[in-house]
Amino acid sequence: MAEQIRLTGAQETLMGTLHAKAVDACTADPVLGDAIALDLSKRIDYDFRRLKMKPADRMAVVLRTNRLDAWVRRFLAGHPDAVVLHLGCGLDARAFRIDAPVEWFDVDHPDVIELRDRLFPSRDGYRTIAASVTETGWLEQIPADRTTLVIAEGLLMYLGQLDAVGLLRRMTDRFPDGEMMFDAVRPWVLRLSRYSGFLRVTGASFGWAVGDPHDVERQVPGLRLVAEHSPVTDPELVRMPAAERLSARAMAPIAPLRNAIRLLRYRF
């Protein structure tokens with residue numbers, strides 16, 4: 001029997017990321033090749049057409065996730081004893097795609113975690129935590145004596161500035177050292193997001209933007225920018241349909257468009 005979905009607002013946006021990965025998995029030459037996402041999309045009773053996702057939007061999700069996976073694998077190769085904390089995990093299968101023998105925590109709202117726990121298998125070293133990331137008590141469940149990797153994909157732009165910066169500060173205060181990886185939109189994207197069909201359908205809205213990535217260093221003492229990446233310059237674009245490749249090629253030379261959505265990687 002298919003799982004019924006009753007999510008709204010920012011929680012429902014996870015259906016868009018799941019759909020993008022499932023569509024990619026169906027192509028002849030997938031970028032991410034997430035078979036778990038494809039399986040989940042078939043087990044869920046949800047009309048993905050209502051999301052009104054454009055091919056370029058799906059492309060951006062897949063390239064973002066693929067690049068983050070590469071960064072995570074590289075980090076864990078150098079820190080095999082690290083703790084991984086995935087904030088706003090949604091129905092992402094990263095813990096299973098990467099399948100590293102580390103202590104891994106996936107955190108999201110209780111309704112999302114309840115769904116996730118029904119759909120995903122258990123695994124040694126893997127735990128889910130049902131809580132809003134803007135709360136504070138759940139952090140006590142995470143070991144604070146080891147190098148920590150914090151991943152926040154498709155999350156921080158949905159928080160207000162105080163909540164987003166406060167969350168990052170709690171991470172640097174809690175853990176001795178590690179890295180943070182997340183995506184961020186530019187301020188002009190924040191202003192125009194009200195016209196997004198995807199956001200209107202889900203009822204979600206953007207609340208935090210990053211103009212200069214070094215501003216985050218000033219707002220969160222201890223963070224140091226080590227990398228930034230734009231999906232429209234990703235080498236994997238060669239595997240995308242021609243229309244998406246042309247769109248990315250037109251955006252790449254124009255900085256505000258090239259960096260409309262960026263992946264940012266910080267060390268602390």
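The points below cover the chain as a whole, then a few of its residues.

This is a predicted model, in which local features need pLDDT of at least 70, side-chain atom pairs count only at pLDDT 80 or more, and totals for chains, interfaces and linings use all residues. Residues are numbered from 1 along each chain as its sequence is written, and side-chain values use heavy atoms, with hydrogens and water left out.

**The chain as a whole**

- The chain holds 11 helices and 9 strands; helices (H or I, at least four residues) and strands (E, at least two) are DSSP runs, numbered from the N terminus.
- Its radius of gyration is 18 Å, close to the 18 Å that the globule rule gives for 268 residues, so the chain is as compact as a globular protein of that length. The radius is taken over C-alpha atoms, and the rule is 2.2 Å times the number of residues to the power 0.38.
- Along the principal axes, the C-alpha atoms of the chain fill a box of roughly 50 × 45 × 35 Å.
- Of the 268 residues, 53% are buried. Buried means under 20% relative accessible area, exposed means over 50%, and partly exposed lies in between (1.4 Å probe, protein chains only).
- Among contacts (heavy atoms within 4.5 Å) between residues at least 6 apart in sequence, 73% join residues at least 24 apart.

**Surface and charge**

- The accessible surface of the chain comes to about 12,100 Å², and carbon and sulfur atoms account for 52% of it. These areas come from the Shrake-Rupley method with a 1.4 Å probe; for residues, only the protein chains shown count as cover.
- There are 36 positive and 36 negative side chains, with the centres of the two sets 6 Å apart. Lys and Arg count as positive and Asp and Glu as negative, while His and the chain ends are not counted. Each charge is placed at NZ of Lys, CZ of Arg, CG of Asp or CD of Glu.

**Two buried residues**

- Thr65 belongs to helix H3 (residues 55-78) and is buried, with a relative accessible area of 0%.
- The side chain of Thr65 makes a polar contact with the side chain of Glu153 at 2.5 Å. A polar contact is a pair of N or O atoms within 3.5 Å; within protein, one must be able to donate a hydrogen and the other to accept it, and residues adjacent in sequence count only if both atoms are side-chain atoms.
- Not counting residues up to four places away in sequence, Thr65 touches Lys21, Leu32, Asp92, Arg94, Arg97 and Glu153.
- Asp34 sits in the loop between helix H1 (14-25) and helix H2 (35-43), and its relative accessibility of 2% counts as buried.
- The side chain of Asp34 reaches the backbone nitrogen of Ala37 at 3.0 Å.
- With residues up to four places away in sequence left out, Asp34 touches Lys21, Ala25, Ala93 and Arg97.

**A strand residue**

- Gln4 lies in strand E1 (residues 3-4) and is partly exposed, at 37% relative accessible area.
- Gln4 and Asp45 are 41 residues apart in sequence, yet their C-alpha atoms are 5.2 Å apart in space.
- Beyond its neighbours within four places in sequence, Gln4 is in contact with Asp45 and Arg118.

**Positive phi in loops**

- Lys52, in the loop between strand E2 (44-45) and H3, is exposed at 57% relative accessibility. Lys52 has a positive phi of about 55° although it is not a glycine.
- Asp99 is in the loop between helix H4 (94-98) and strand E4 (103-108). Its phi is positive, about 50°, although Asp99 is not a glycine.
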